[in-house]
Amino acid sequence: MTTILGSLAGYSQQKPVKILSITNGQQLLVEVEQHGRAVRLACLQAPRFGQEPWAEFAQSVIESHVKRGDQAFFELRSRDVYGRLVGRLFVNGKDLGAQLVQQGSVMAWDGFVGRCDDLNYSELETMAKDAGLGLWSATPPLERPWDVMEAAGGGEP
């Protein structure tokens, strides 16, 4: 039997998970197969902690969609060097990452790990940007979080 901690073969397999906590606007702690695991949502990037109030906004938006104890489904797409599972989380049948991008709380980002070309996050980001939603309303425009990370010499995305 293949577990979420095992093979990455086939992204279509979703495993049931229980939300244990929300770490920030892109990361959660979940219980999967009786193990607590850090999950980083794939193909997006939340504002960095120094990018207030937008980092706090991103966390509040994710908290509006999912709460501790909620049941969800996780689709593993990759693992990162920080020990996190990277993938998509489905809450009430909806892709949480897509909702966050659509609401302008995070930016679409294919520069981390996992394949992103099969997702419509860039299109959702364009719609949020055109509508001036969330971080797209920032004046001056918010610096891209991955540029902030690079200027700071790296750090956990």
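Author: In this predicted model, the second largest pocket is lined by Met107, Glu125, Lys129, Leu135, Trp136, Ala138, Pro141, Leu142, Arg144 and Trp146. Its volume is about 150 Å³. The lining divides into seven nonpolar residues, no polar ones and three charged ones.

Now take helix α3. The helix spans residues 121–131. Four of its residues are buried: Tyr121, Leu124, Glu125 and Ala128. They sit on the same side of α3, because they cover an arc of only 100° around the axis. An α-helix has 3.6 residues a turn, so residues three or four places apart point the same way.

What covers the buried residues? The cover includes the strands β4 (44–45), β6 (85–91), β7 (94–95) and β8 (107–108), along with helix α2 (96–102).

Turn to the other face of α3. The face turned away from the buried side carries Ser122, Glu123 and Asp130, which are exposed.

Met127 also lies in α3. Met127 is partly exposed, with a relative accessible area of 48%; the cut-off for exposed is over 50%. Met127 and Gly104 are 23 residues apart along the chain, yet their C-alpha atoms are separated by 9.1 Å.

Gly132 follows α3, and its phi is positive, near 65°.

Technical notes
Residues are numbered from 1 along each chain as its sequence is written. This is a predicted model: local features need pLDDT of at least 70, side-chain atom pairs count only at pLDDT 80 or more; totals for chains, interfaces and linings use all residues. Side-chain values use heavy atoms; hydrogens and water are left out. On a 1 Å grid over the protein atoms alone, a cavity is a set of points where a 1.4 Å probe fits but cannot get out, and a pocket is an open set with protein on both sides within 12 Å along at least five of seven lines; lining residues have an atom within 4 Å of a point. Grid points are joined across faces, edges and corners, and a volume is the space filled by probe spheres set on the points. Ala, Val, Leu, Ile, Met, Phe, Trp, Tyr, Cys and Pro count as nonpolar, Asp, Glu, Lys and Arg as charged, and the others, Gly among them, as polar. Buried means under 20% relative accessible area, exposed over 50%, partly exposed in between (1.4 Å probe, protein chains only). Helices (H or I, at least four residues) and strands (E, at least two) are DSSP runs, numbered from the N terminus. The arc is that of the directions from the helix axis to the C-beta atoms. Contact means heavy atoms within 4.5 Å.
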